[in-house]
Amino acid sequence: MLPDLEKAIELQQLDSRIAELTAQIDTLPSQVQTLESQLSEFIHTLEERKQRVAVNQKDRRDMETDIKTIQARISKHRDQLYEVKTNEQYKAMLKEIEGEEANIRGIEDRILEKMMEADDLQGHIREAEAKLAGEKSRVAAEVSRLKALQQTDVDERKKLSDQRSKVSSEMGEEMLKTYERLHGGRNGVAVAEVRDGFC
């Protein structure tokens, strides 16, 4: 085989490996970003749940305040029962008290629902907080692994680029020009192996 052809084949192999490494190096930042986005989303979901618990607690406090306000009205109505002059006024006042007591029962039911919702949310929060440390360390380890892999690929690509420069300097000028022209125009393939009369 011709020496320049052997060098062209070696150059083709080096260029192919350099292209593979470059593709790997280029994809690593997006992989790191995806991992960091997953962690950020996990943390955001946890914070969102904590916010929902805070809103839930505020709603319950507001409802408890409403109950106290209604109880004060009931107490006032009970005091007024002794001041009414007719049976109709007395019945109207009792009906008013019954309505207010029904309101209290409705609010108490909503408070119970909010308490159950809060318990459920607290369970999810405890579970997520327990997983958070593990998730952070998993992401940190994976990011570290990917960055180490990227550095290894960069180092190997540098070594191969140096080797490529050496090989291309050993080729004849015409053969190198032909190789570079073909390499740039055929999806990076300048030399193909012939097998059974086909390349």
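I looked up Glu 142 and found it partly exposed, at 24% relative accessibility (partly exposed lies between buried, under 20% relative accessible area, and exposed, over 50%; 1.4 Å probe, protein chains only). The model is predicted: local features need pLDDT of at least 70, side-chain atom pairs count only at pLDDT 80 or more, and totals for chains, interfaces and linings use all residues. Residues are numbered from 1 along each chain as its sequence is written, and side-chain values use heavy atoms, leaving out hydrogens and water.

I then checked the partner of Glu 142. Glu 142 forms a salt bridge with Arg 145, with the closest N and O atoms 2.7 Å apart (a side-chain nitrogen of Lys or Arg within 4 Å of a carboxyl oxygen of Asp or Glu). The two are 3 residues apart in helix H2, so about one helical turn separates them (helices, H or I, at least four residues, are DSSP runs numbered from the N terminus). Arg 145 is partly exposed at 45%.

Next I took Glu 170. Its side chain meets that of Lys 7 in a salt bridge, 2.6 Å from N to O. Glu 170 lies in H2 and Lys 7 in H1, so the pair ties together parts 163 residues apart in sequence. I count 17 salt bridges in the structure.
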